[in-house]
Amino acid sequence: MRVLITGAGGQVGHELLRLAPEGFEAMGMGSAELDIADAAQVAATVERLQPQLIINAAAYTAVDKAESEPERAWAVNRDGVAHLAIAAERLGIPVLHISTDYVFSGDARTPYRESDPPRPTGVYGASKLGGEVELVANCSRSLVLRTSWVFGVHGNNFVKTMLRLGREHEELGVVADQHGCPTSAASIARALWQLAAQYREQGTLPWGTYHFSGAPACSWYEFAVEIFRQAHELGLLPHVPQVRAIATADYPTPARRPAWSVLDGSKLQDACRIPASDWKIDLGTVLKGI
Ligand SMILES: NC(=O)c1ccc[n+]([C@@H]2O[C@H](COP(=O)([O-])OP(=O)(O)OC[C@H]3O[C@@H](n4cnc5c(N)ncnc54)[C@H](OP(=O)(O)O)[C@@H]3O)[C@@H](O)[C@H]2O)c1
């Protein structure tokens, strides 16, 4: 099965190419080869490559920068997804698309279900929600996988930032009042390939919106403590830095972060038998990769 993978140079895109199972021809396109914000380029590329499935891992992911550059965020995260959806529908193929916990406000205190109303608080989340809406409106067979707190060997992420800071400082403050689910890029790629395999075998999927993330939920503070513990054990850090629990108010950012980003993954587990991934195990694999 020929699968077009957009955003191939990103954290998840990279893992999608690396983990492509036998029987799939993964055609990866980085942003330089295919700009999804360019409607004509998307139409021409899809027409030329004739994929049987599109997996969209391309996105404008600079959450804070999106606040001062909203046009670009909307162009990629909403319009880019619409271009892919239209091109896929013309060819009669489905789209698997990745979205985010940032479509929610973060005011909840129980894990978010797919039926909960989205209410993004910033440009990034709003533009990603716009992409979800465009996808469903323009493509009759699509699946949205919302995920959160992505980390991997490739690209920039919290794990790499903590490793750098842990080498530079004896002590550091990490936000303890935001909770979410760290998710390895590789586990997202595996879930997407599992969905692609189910589609290939059955000729269909239970189309719709699903949540997929790592488990269990934790705070950034707890995530940092575990990163330092494992990194020290693996010899990546000479010492375990002291981690101080700080409040969101002590670490202001241009975009408001959801205090609660915990996603309930039971719908995906029930419909497709894809369980949440244990992020502590995945963290070990990523640290060894780094
Ligand atoms: N990172 C997270 O914590 C997180 C959390 C929840 C959900 N997600 C979602 O997960 C998905 C994958 O994210 P990620 O962590 O892999 O992000 P990433 O590492 O930033 O990768 C995104 C990729 O998209 C590419 N891209 C940007 N604009 C593009 C365009 N106009 N056309 C084609 N490609 C373009 C980027 O290329 P350039 O670098 O060349 O611009 C980059 O390679 C995204 O849908 C994201 O919204 C991420």
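## Ligand shell

Twelve nonpolar, ten polar and four charged residues make up the shell around the ligand. The model is a predicted one. Of the 26 residues in this shell, those that come nearest are Ser-31, Asp-35, Thr-61, Tyr-124 and Lys-128.

Four elements each supply at least two shell residues: α1 (11-18), α3 (70-91), β4 (95-100) and α4 (123-138). The largest share comes from β4, with three residues.

A polar side-chain atom of Asp-35 is 2.7 Å from a nitrogen atom of the ligand. In the side chain of Lys-128, an N or O atom lies 2.7 Å from a ligand oxygen atom. Gln-11 takes part through its backbone: one of its polar backbone atoms is 2.9 Å from an oxygen atom of the ligand.

How much of the ligand does the protein bury? Alone, the ligand exposes 890 Å², and the protein buries 78% of that area.

## Nonpolar cores

In soluble globular proteins, nonpolar side chains tend to be buried together. Here the largest nonpolar core has 29 residues. Leu-4, Ile-36, Val-42, Ile-54 and Leu-135 have the most contacts inside it. β2 (25-29), α2 (39-49), α3 and α4 each supply at least two residues of this core. Which element gives the largest share? That is α3, with seven residues.

Back in the largest core, Val-42 is one of the residues with the most contacts. Leaving aside residues up to four places away in sequence, Val-42 touches Leu-34, Asp-35, Ile-36, His-83, Leu-84 and Ala-87. Asp-35 is also among the residues nearest the ligand.

## Backbone geometry

The peptide bond from Ala-215 to Pro-216 is cis, with omega near 0°. Pro-216 sits in the loop between β11 (214-215) and β12 (218-219).

Trp-149 is not a glycine, yet its phi is positive, about 45°. Its place is the loop between β5 (142-147) and β6 (150-151). Arg-273, also a residue other than glycine, has a positive phi near 55°. Arg-273 lies in the loop between α8 (266-272) and β14 (277-278).

Is each of these two residues buried or exposed? Trp-149 has a relative accessible area of 10%, so it counts as buried. Arg-273 is exposed, at 68%.

Definitions and conventions. Residues numbered from 1 in each chain as written. Predicted model: local features only at pLDDT ≥ 70, side-chain atom pairs only at ≥ 80, totals over all residues. Heavy atoms only, no water. Near = heavy atom within 4 Å. Polar contact = N/O pair within 3.5 Å; in protein donor to acceptor, adjacent residues only side chain to side chain. Areas by Shrake-Rupley, 256 points an atom, 1.4 Å probe, with all protein chains shown as cover. Nonpolar A, V, L, I, M, F, W, Y, C, P; charged D, E, K, R; others polar. Core = buried A, V, L, I, M, F, W, Y, C linked by side-chain atoms within 4.5 Å. Buried < 20%, exposed > 50% of the residue type's maximum accessible area, 1.4 Å probe, protein only. Contact = heavy atoms within 4.5 Å.
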